[in-house]
Amino acid sequence: MAPWRTPAWGPEAAKLHPVSTRPRTAALLLSSLLAAAALLSGCGGGEEPAGSSTDTSAPESTGSPASSTSASATDDGSTAAPPFPADTAPDTGDASSDAAVTVSDIRVGRHDGFDRVVFEVDGTGTPGWDVRYVDQAFSQGSGDAVDVAGDAVLQVTLTGAAYPFETGVEEFTGGPVRGGTDVVTEVAWDATFEGTSVAFVGTAATVPFRVYQLTGPTRVVVEVAHRG
């Protein structure tokens, strides 16, 4: 609804509404106009017109689909995320120079258009990552094969990792992690070894994915697009 506007007075108005120049008539007209202006000003007040609303929420990124109501209650992350890439190429990010973190939790959830995997860490600094599709999952250190359900496997390698006895953070030891997702079949935790922590995300197909980081607490978020 357009805001109240006080009618314009002056020479332009006079052209539209000619008035007599006789003193008595002009005085009466001036009194009427002042009364009308006061009435309009009182109606405008400081309230919004009926039916209007004010949205104080932060704007949502147009590059990321909105979360669905079916998303896991324990899943978190952000809808203000970069857009999905057009391909399935590896995604990498650098750890901070003082990084020494331990993975404390892994969560999954389904959202409109994508599934989300959250790796929560605690410790010092922020981790880096290397996320890419691999032909087969192998445990770092031992080289043993890791069983991961799905037709494709995303290997998630977090850099800047440290052992629990170094960070004082209890490391995640559960799995496989599943949660009513569409394309992510499960997340299999591997281990921490020589500054890196590895997990494998099984997917139903080789589809685009994106990776980004959030803080408070620190999380590395991997999102896998649903099949078109």
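Trainee: Why is Phe-165 called exposed?

Mentor: Phe-165 has a relative accessibility of 71%. Exposed means over 50% relative accessible area, buried under 20%, and partly exposed in between, with a 1.4 Å probe and protein chains only. The value for Phe-165 is 71%, so this residue counts as exposed. The model is predicted: local features need pLDDT of at least 70, side-chain atom pairs count only at pLDDT 80 or more, and totals for chains, interfaces and linings use all residues. Residues are numbered from 1 along each chain as its sequence is written, and side-chain values use heavy atoms, with hydrogens and water left out.

Trainee: What makes Tyr-163 partly exposed?

Mentor: Its relative accessible area is 30%, so Tyr-163 is placed in the partly exposed class.

Trainee: How many aromatic pairs are there, and why is the pair of Tyr-163 and Phe-165 called stacked?

Mentor: There are four aromatic pairs. Rings of Phe, Tyr and Trp (its six-membered ring) pair if their centres lie within 6.5 Å; planes under 30 degrees apart count as stacked, over 60 as edge-to-face and the rest as tilted. The centres of Tyr-163 and Phe-165 are 5.6 Å apart and their planes stand at 10°, so the pair is stacked.

Trainee: What is the geometry of the pair formed by Phe-172 and Trp-189?

Mentor: Phe-172 and Trp-189 are edge-to-face, with 6.2 Å from centre to centre and 90° between the planes. Phe-172 lies in the loop between helix 3 (164-167) and strand 6, whereas Trp-189 lies in strand 6, so the pair ties together parts that are 17 residues apart in sequence. Helices (H or I, at least four residues) and strands (E, at least two) are DSSP runs, numbered from the N terminus. Both Phe-172 and Trp-189 are buried.

Trainee: What makes strand 6 largely enclosed by the rest of the structure?

Mentor: Seven of the ten residues of strand 6 are buried, so the strand is largely enclosed. Ala-188 lies in this strand, which spans residues 184-193. The relative accessibility of Ala-188 is 9%, so Ala-188 counts as buried.

Trainee: Which residues are in contact with Ala-188, leaving aside its neighbours within four places in sequence?

Mentor: Ala-188 is in contact (heavy atoms within 4.5 Å) with Val-146, Asp-147, Val-148, Ala-199 and Phe-200.

Trainee: How do you know that strand 6 and strand 7 pair, and in which sense?

Mentor: Two strands pair if DSSP finds at least two bridges between them. Strand 6 and strand 7 have eight bridges, in the antiparallel sense. Val-187 has Val-201 as its bridge partner in strand 7. In the hairpin of these strands, with two residues between them, Glu-194 takes a positive phi near 50°.

Trainee: What is the order of the strands in the sheet, and why are strand 1 and strand 6 called edge strands?

Mentor: The open sheet has five strands in the order 1-4-5-7-6, with antiparallel pairing. Strand 1 (91-93) and strand 6 are the edge strands: each pairs on one side only.

Trainee: How is strand 5 joined to strand 4 and to strand 7?

Mentor: Strand 4 (residues 128-134) and strand 5 run antiparallel and are joined by seven bridges. Val-131 has Val-156 of strand 5 as its bridge partner. Eight bridges join strand 5 to strand 7 (residues 196-203), again antiparallel. Leu-154 has Val-201 of strand 7 as its bridge partner. Strand 5 (residues 152-159) is mostly covered, with six of its eight residues buried.
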